Amino acid sequence: MKLATRMRKLALAVSAVSALSVSAAVQAADTIKVGILHSLSGTMAISETTLKDTMLMLIEEQNKKGGLLGKKLEPVVVDPASDWPLFAEKTRELISKDGVDAIFGCWTSVSRKSVLPVVEELKVPLFYPVQYEGEESSKYVYYTGAAPNQQAIPAVDYLMDQGVKRWVLAGTDYVYPRTTNKILEAYLKGKGVAADDIMINYTPFGHSDWQSIVADIKKFGAAGKKTAVVSTINGDANVPFYKELGNQGVTADAIPVVAFSVGEEELSGIDTKPLVGHLAAWNYFMSVDAEVNEEFIEAWQKFIKSEDRVTNDPMEAHYIGFNMWIEAVKKAGTTDPEAVSDAIVGVTVPNLSGGVSAMMPNHHITKPVLIGEIQEDGQFEIVWQTSGLVAGDAWSDFLPGSKDLIASWRAPLSCGNYNVKTAKCSGQNY
Amino acid sequence: MKFLSVLILCLLIMPVHAAKVETGDPQVDAVFEALIGSNFAEKASALKQLAASDHPQRFELIEGIFDGRLRLHKKSKRLVWAEKQGRKYLATDALSGEQLGEFKKRKLKKVSINNKLRGVIKGIIATRDLDSEDPALRLKSVQAMLANPSPDQVDTLIPRLEKETDPQVRSAMQLVLSLANLGADDPSERLKAVDGVSDSLESAVRQKLGEMAVSDPDVTVKKAAASALRKIEDRVDLFGHIETLFFGLSLGSVLVLAAIGLAITFGVMGVINMAHGELIMLGAYTTYLIQQLMPESAGLSLLLSIPAAFMVSGLVGIGIERGVIRFLYGRPLETLLATFGISLILQQLVRTLVSPQNVPVSNPEFMSGFLQINSVLSLTYNRLYIILFCMLVFVALFMILKRTRLGLQVRAVSQNRAMARAMGVHSSRVDALTFGLGSGIAGVAGVALSQLTNVGPNLGQAYIVDSFMVVVFGGVGNLWGTLVGGLSLGIANKFMEPWAGAVMAKILILVIVILFIQKRPRGLFPQKGRAAEG
């Protein structure tokens, strides 16, 4: 080829590429990217996939209202596949490669603990929508799910009122059930329950052979005192667990099981007839009678194009967290995480049960506590609720190591674990 | 503004408490006003009131509250039976039988009950069943009394005992009366009662005897209670062991089903097939797909899935053998790597074509529930059927290998390939068919597993290690070895689980297998034959 023609071709190529990249850059500057970090495969997909869809719906609705700060919101979805180290890798990818300004994600505490060092290093906020064990408060994490005092403790109080004297604490073997059971054991013993009346049991993720454990629960419950099971079992291990309960005839009026990680979504795949009466403790149920809830359910079922899809508590937590982030960004005028962190404390948005939710200085929110019983159609009938809102307490009052700790990210404290007795901030955030 | 003032006027004129229930029957109205409310204590007393009344439909209504069929039609304030029809409910007046039409769920309010109220209702139904015509219902209600003993049961039972004709119900009633007599004032009465309950395994009996063995004032009675309790506890322990044995057999049969296909392919051809777990997974997905095709008959779809899964996995297996493994004979490491790659491909194929999430496979009616042997031993039906199924599969495979021509050829090729070929056996065709047979059995194992565990793309990963462990432990290529090895590992796992926990028990099993292999590297029942590899 002649040099001139070659030069001309090269010049054409270069200008084309630069035109494209300029337009791409202009495009990129025109959107605010939001990362969605939920397992879409593996043992936790049963719970997390619907949260990805919820975020897509919320972003679409916000864009219809005009976006944020004049720009459109762009969702960036990744699949960390229930693989905890992959959660950390994907977070780094979302922040460094995709340039997201906020991440909505995680379910298991082990996934959150993997992501924590990354968001603290790269300083991008994570909105975490799931109930957890507490004992943590990070500047860059907003805990829109329940802390133990907003779920576990009220549930145990309710069961005690119902006359339960013996307790089985059954959980999946990782940090959330282990820590929650530590808190509950201390709480129960503080209320006078003997160590013989508490049975604790752990199983791996995805455990499917529940025969012996359910038989042990039956035996434990046959000692003459009313027995209940407090379940922190997570993921799809719940399906064979509940099936085995049904098959071995463990009915709720004999030995009630209260679960903290089982909601409408996890029940939508199983036959709930033998499970009627078993309980769950959450801060929201799809059956809550409020107009704002009916509107949300309608909008959700229209978005997902199916009348059979359900709503649940972590979806409400994303709804609250997302709206709080939007409010904070509008207040601060920028998506910069430091500015958002200053602006978001005190932001109050409506929740889906007809009330409101406020962001506290410890990065937890205020929520009502509801206890529901499983019905035949997989919905929950609310049998008890708190009269007002409960503020999330990051550091449990029932564990000796955390009794004296508080968290507050407002100046002048700006500390996740401040010891009120020694007046020192220990500085270690995770 | 005008509308607002009219509204306020209306609200002032209206009575403070509008009646919510107007069925036409004042007795029912009064009771259901409380039941529709939100105070659970009031509901409990309203239920007891209704049960104690003489209203002819009282038990029908109470049962309707229990199963949720009885609802309040908010608009007309009548109680209706609600039958689900698609997305709506067909409402029939509960007291008059008049058809009211179809309504959406929101228009019909359920009577909300909690667990305590369910217990109250169960007690009411049990008391009614005490006089039922059906002896099975009478027996159930007396057994419910044993579970919740209370002093007033004596007065309820004594007149009925005289009229009772059914022997089972009589002995159950006598047991309840003996249990009550354990608290009698006269020591000789108590002694008689201890004798009367000494055959029972009920926990209420054990509890009472336990209290008496410690604190009874009369020495003879105390000793009698202690020895009766000891005998009962020995029997309870025995049944506990039988139950653990059952659990072990069911876990073992799952292991055997998963491993037996591998025993054949590994045994005959020495091929390490890392895609074996995915062949199991394909069988489980075949069950799901067939269930989607016939959603109303879960039992029939399950039976049809067995040959279908055999075909599907068998054909995939033959495909793998002809397409990949055939070229890698004599190179075990390459085969391992290649089949591992195939397993990843199969997993991703399922994720893309079906869904990355688990798919729901429902259990047919005959596989739910349990068989009650006595008050401490109950066997779940699904596990019983799996154990039976495993035995059937084993026998079928055994017959194929021992009685058919293909089986003869398979055994010949696995013992001495060169000699078999010299005898005219087409060894490469036998290889393909053997691989197909082993893979087909894996598919059938997938059908069984779909009834016990979640069906997802990762199903195979959970069973591949277990399958290899059973095959290595039992002896490569030996069916009996796989059976004995699998069942004994399952039983050992279940006996260790109560004191070591699920995770630790699994670890201990693996350690035991490793130590066993050190002593006997060829497994429990190694292959015999002059040219068989040592």
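Colleague: Which residue of β10(A) stands opposite A259(A)?

Modeller: The residue opposite A259(A) is A280(A) in β10(A). Before we go on, note that this is a predicted model, in which local features need pLDDT of at least 70 and side-chain atom pairs count only at pLDDT 80 or more, whereas totals for chains, interfaces and linings use all residues. Residues are numbered from 1 along each chain as its sequence is written, and chains are lettered from A and ligands numbered from 1 in the order in which they are written.

Colleague: How should I read the pairing around β10(A), and which strands flank it?

Modeller: Strands of a sheet pair through backbone hydrogen bonds, either parallel or antiparallel. Here two strands pair if DSSP finds at least two bridges between them, and the elements themselves are DSSP runs numbered from the N terminus, helices being H or I of at least four residues and strands E of at least two. Strand β9 (residues 257-259) of chain A pairs with β10(A) in the parallel sense over two bridges, while β10 (residues 279-282) is joined to β14 (residues 370-374) of chain A by four bridges, running antiparallel. On the β14(A) side, A280(A) has G372(A) as its bridge partner, and A281(A) stands opposite I371(A).

Colleague: Which way do the residues of β10(A) point, and are they buried or exposed?

Modeller: In a regular strand the side chains alternate between the two faces of the sheet. In β10(A), L279(A) and A281(A) point one way and A280(A) and W282(A) the other way, and all are buried; a residue is buried if 20 or more other C-beta atoms lie within 10 Å of its own, exposed if 12 or fewer, and partly exposed in between, with C-beta atoms placed from the backbone.

Colleague: Which residues touch the most other members of the largest nonpolar core?

Modeller: A nonpolar core is a set of buried Ala, Val, Leu, Ile, Met, Phe, Trp, Tyr and Cys residues joined through C-beta atoms within 7 Å. The largest one has 121 residues, and L126(A), V258(A) and A281(A) touch the most other members. Helix α11 (residues 313-332) of chain A gives this core its largest share, 10 residues. Apart from it lies another core, of 73 residues, among them A275(B) and V312(B).

Colleague: What does F104(A) touch beyond its sequence neighbours?

Modeller: Two residues are in contact if their C-beta atoms, placed from the backbone, lie within 7 Å. Leaving out residues up to four places away in sequence, F104(A) touches several residues, including V34(A), M55(A), F127(A) and F322(A). F104(A) sits in strand β3 (residues 102-105) of chain A, and is buried because 29 other C-beta atoms lie within 10 Å.

Colleague: Where is L100(B), and is it buried or partly exposed?

Modeller: L100(B) belongs to strand β4 (residues 99-103) of chain B, and counts as partly exposed because it has 17 C-beta neighbours inside 10 Å. Beyond neighbours within four places in sequence, L100(B) is in contact with H73(B), V80(B), A91(B), T92(B) and D93(B).

Colleague: What is the order of the five-stranded sheet in chain B?

Modeller: This open sheet has the order β4-β3-β2-β1-β5 of chain B, with antiparallel pairing. At its edges stand β4 and β5 (108-110) of chain B, each with a single partner strand, so one side of each lacks a neighbour in the sheet. Within the sheet, β2 (residues 78-85) and β3 (residues 88-93) of chain B pair in the antiparallel sense over six bridges, and V80(B) stands opposite D93(B) in β3(B).

Colleague: How many residues does each chain bring to the contact between A and B?

Modeller: The contact takes 38 residues from chain A and 38 residues from chain B. Among the elements of chain A that each supply at least two residues of its side are β7 and β15.
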